[in-house]
Amino acid sequence: MSERRETKLIHSAGIDPLTGAVNVPIYLSSTFHQESIDSFGPFDYSRSGNPTRKSLEETIAKLEGGARGLAFSSGMAAISSAFMLLKAGDHVLVSEDVYGGTYRFITEVLEKFKVDYTFVDMTDLGEVAAAFQPNTKVVYIETPSNPVMKITDIEMAAKLAKANDAMTFVDNTFMTPLYQNPLELGADIVLHSATKFLSGHSDITAGLAVTKDAGLGEQLAFIQNTFGSVLGAQDSYTLIQGIKTLGARTKQSGETTARIAEYLHRHPLVEEVYYPGFSFHPGNPIHKRQASHAGCVLSFRLADKDAARILVDALEIPVFAVSLGAVESILSYPATMSHAAMPPAEREKRGITDGVLRFSAGLEHPDDLINDFSQALEKIAIAKGLSVAD
Ligand SMILES: *Cc1c(COP(=O)(O)O)cnc(C)c1O
């Protein structure tokens with residue numbers, strides 16, 4: 001029987017064979033007793049492998065449809081470890097509106113290790129094709145991109161990569177394995193900040209990587225063990241529990257996001273709403289083909305920083321914070337938060353202007369969130385001496 005992913009989310013970690021416990025045990029042990037000098041058990045030291053972490057790693061591999069899953073101490077640890085598959089003299093092609101921390105790792109750390117990079121508009125496959133160099137080893141994609149929700153055609157980009165003997169890495173944080181499966185579209189490694197939707201409760205930082213084939217999985221497991229940024233047993237357990245409710249959470253948050261997107265789109269003080277679920281979003285046809293959900297995050301642009309400041313001060317329900325994908329709605333200001341590591345000129349070039357705010361819908365009642373936006377936008381109108389009837 002081929003189960004849907006919603007079912008796999010619940011049962012992937014399985015039942016403890018020793019006791020029948022429905023939850024995976026938390027193995028708080030850094031080391032493991034061995035039988036004799038020449039007979040070792042499956043675990044020896046928790047950096048190299050821990051049973052709780054292993055259960056999580058098998059779960060994410062199943063959900064993404066890959067050969068090997070690996071759990072790291074943060075999304076950036078997973079992403080950085082994947083880039084450590086490269087060596088000096090290699091070159092990478094990267095989405096220009098990549099996550100701020102990834103941008104920082106590439107420009108400030110990879111740079112020191114003599115790995116060269118080119119940022120490209122991944123939505124423009126002509127530009128991508130023209131940017132390959134003989135030493136290009138990786139095409140790095142984020143779709144939908146953060147925060148302006150540009151959509152990259154994963155299958156086409158991965159084909160271009162393959163034709164140029166390069167691998168494709170996809171940061172799948174925004175869609176989660178439930179709604180988008182890059183490995184099935186030709187990617188070699190899929191990466192997650194599990195700090196976001198997968199854990200879902202703003203209580204841990206965690207990262208996951210899944211490789212399509214076992215050989216690449218071995219190489220990345222070697223880096224995981226060597227570099228050592230592994231996820232602890234307690235956090236592995238928390239993440240397994242978070243993954244179980246992913247389907248229910250994203251279903252409700254997704255419906256709320258669609259309603260708020262529609263509301264903001266109609267509001268006269270909102271200049272633009274970035275939401276891949278809109279039929280008129282330029283990336284919508286591609287997104288619909290490769291993903292089965294419009295997501296739970298949207299961004300929108302107000303006139304300027306003043307308007308953004310008034311809205312942030314006036315909104316009562318969402319927390320104002322970095323991060324996304326949690327039970328509480330989270331409002332962020334990318335210019336000084338997620339993209340603070342990006343020089344202002346680079347930021348503006350990517351459309352992350354001073355009026356842009358990002359909203360991640362939580363599990364509050366959608367009517368309360370819309371009422372909250374309504375009263376907060378009204379305050380901008382009052383401050384600017386405008387009248388807004390809505
Ligand atoms: C948060 C985030 C990351 C980084 O993950 P951490 O868990 O914060 O290290 C990477 N990519 C995307 C798209 C993110 O949202």
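The model is predicted, so local features need pLDDT of at least 70, side-chain atom pairs count only at pLDDT 80 or more, and totals for chains, interfaces and linings use all residues. Residues are numbered from 1 along each chain as its sequence is written, and side-chain values use heavy atoms, with hydrogens and water left out.

**Ligand site**

- Asp-171 has a side-chain N or O atom 2.6 Å from a nitrogen atom of the ligand. A polar contact is a pair of N or O atoms within 3.5 Å.
- For Ser-193, a polar side-chain atom lies 2.8 Å from an oxygen atom of the ligand. For Thr-195, the distance from such an atom to a ligand oxygen is 2.6 Å.
- On its own, the ligand has 380 Å² of accessible area (Shrake-Rupley method, 1.4 Å probe), and the protein covers 92% of that area.
- Helices are DSSP runs of H or I with at least four residues, strands are E runs of at least two, and both are numbered from the N terminus.
- Asp, Glu, Lys and Arg count as charged; Ala, Val, Leu, Ile, Met, Phe, Trp, Tyr, Cys and Pro count as nonpolar; the others, Gly among them, are polar.

**Largest pocket**

- The largest pocket holds about 380 Å³ of space. On a 1 Å grid over the protein atoms alone, a pocket is an open set of points with protein on both sides within 12 Å along at least five of seven lines.
- Its lining has 21 residues, and Ser-48, Gly-49, Lys-54, Glu-57 and Arg-68 lie nearest the centre. Lining residues have an atom within 4 Å of a point.
- Helix H2 (51-64), strand E1 (68-72) and helix H8 (214-227) each give two or more residues to this lining.
- The lining divides into seven nonpolar, seven polar and seven charged residues.

**Cavities**

- There are four cavities of 30 Å³ or more. In a cavity, a 1.4 Å probe fits but cannot get out.
- The largest cavity has about 50 Å³ of space. Its lining includes Phe-197, Arg-249 and Cys-296.
- Six nonpolar, three polar and one charged residue make up that lining.
- The second largest cavity has about 40 Å³ of space. Among its lining residues are Glu-96, Asp-97 and Lys-150.

Technical notes. A polar contact is a pair of N or O atoms within 3.5 Å; within protein, one must be able to donate a hydrogen and the other to accept it, and residues adjacent in sequence count only if both atoms are side-chain atoms. Grid points are joined across faces, edges and corners, and a volume is the space filled by probe spheres set on the points.
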